[in-house]
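Welcome! Take a look at the view below, then read on.

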Amino acid sequence: MTLGYLAAAATIVVVGRKRVPGAQRLLAGYAATAAGVLCCARAGGRGASAGMLRVRAVTPLACAALLFYPSGAQSLALHGRLLDEEMLAAERRVLRRPFNLLLDSVVSRPLNEVLTACYSSFYLYFLVPPVYLMARDRDRDLERYVLAFCLAQYSCYLGFATLPLAGPVASLRDVFSTPHLRGYLVVPAQQWLMERADPPGTCFPSSHVAGAWAAGFAARHAVPRSAACALTALTCALTCSVVYCRYHYLVDALAGVAVARLAYRAATYILDRPGAP
């Protein structure tokens, strides 16, 4: 899966190399990542220990996290520019006003803090469910989780190139009645992280929403009912937060849910088909 994504991403960069900043560095990084994945696959072959097999199983999670940042430059390959003006024009035709501006009227510091915490909870999806599944020796469920989650992430990374967007936090900065969301602790911490690790162009589809819902679909039958309900509630809150916190347009979130469903169905088909290993 990871090698397939790297091949597709490298093809996009090669096709649009004149529009992609640092195209040669990107390709070199993709080649190095592919070499690392191949080494891990070889180490996790026949005769490997149970621990090594689990390292191999979760390697795509680490790759998905590392490959997010370069997907920003990669997103410029097809169009060579960000398309926020076109997105805003489409929203005005359908809603008469950008949806993010409608939420501007309910902004408050406590709500900012709560929903930003929900947004930041996405990073836990890389760690908490996989650790739980490994602790319970649910290796097949772990494989399903990783496959669905990473299929969703990689699909979004490729999707960024189809509609590269900076997001409302940049495109509507001068229109919001409250130009900057303010909080207490979580809001400034998340904003600090976004300024340094969230490249423009990585909005459509929302990888936060896609990854969270794919994780929820994959984990719901592998965890206790109470945990599944809590995960679903958190994922719903995260979906709302990506729009409220101005990192995504409404369509980004909706597309993220669709990507998640398709990724989960693809993972289920791959693992449950007759003759699957």
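**Pockets, cores and one histidine**

Sorted by class, the residues lining the largest pocket are 17 nonpolar, 2 polar and 5 charged. Please keep in mind that this is a predicted model.

**The largest pocket**
- Its volume is about 760 Å³.
- The lining is made up of 24 residues, and Arg56, Ala57, Pro60, Glu143 and Val146 are the ones nearest the centre.
- H1, H2, H3, H9 and H14 each bring at least two residues to this lining, with H3 giving the most, 8 residues.

**The second largest pocket**
- This pocket holds about 460 Å³ of space.
- Among its 23 lining residues, Val169, Arg173, Met194, Glu195 and Tyr247 lie nearest the centre.
- Helix H10 (168-171) and helix H11 (186-197) each supply at least two lining residues, and the largest share, 5 residues, comes from H11.
- By class, the lining counts 13 nonpolar, 6 polar and 4 charged residues.

**The nonpolar cores**
- The largest nonpolar core has 65 residues, of which Tyr30, Tyr125, Phe149 and Tyr157 touch the most other members.
- Helix H9 (139-159) is one of the helices that each supply at least two residues of this core, and H9 gives the most, with 11 residues.
- Another core, of 11 residues, lies apart from it and includes Leu83, Leu88, Cys203 and Ala255.

**A closer look at His208**
- His208 sits in helix H12 (residues 207-219).
- Because its relative accessibility is 9%, His208 counts as buried.
- Beyond its neighbours within four places in sequence, His208 is in contact with Tyr119, Phe122, Tyr123, Leu238 and Val242.

Conventions:
Residues are numbered from 1 along each chain as its sequence is written. This is a predicted model: local features need pLDDT of at least 70, side-chain atom pairs count only at pLDDT 80 or more; totals for chains, interfaces and linings use all residues. Side-chain values use heavy atoms; hydrogens and water are left out. Helices (H or I, at least four residues) and strands (E, at least two) are DSSP runs, numbered from the N terminus. Buried means under 20% relative accessible area, exposed over 50%, partly exposed in between (1.4 Å probe, protein chains only). Contact means heavy atoms within 4.5 Å. A nonpolar core is a set of buried Ala, Val, Leu, Ile, Met, Phe, Trp, Tyr and Cys residues joined through side-chain atoms within 4.5 Å. On a 1 Å grid over the protein atoms alone, a cavity is a set of points where a 1.4 Å probe fits but cannot get out, and a pocket is an open set with protein on both sides within 12 Å along at least five of seven lines; lining residues have an atom within 4 Å of a point. Grid points are joined across faces, edges and corners, and a volume is the space filled by probe spheres set on the points. Ala, Val, Leu, Ile, Met, Phe, Trp, Tyr, Cys and Pro count as nonpolar, Asp, Glu, Lys and Arg as charged, and the others, Gly among them, as polar.
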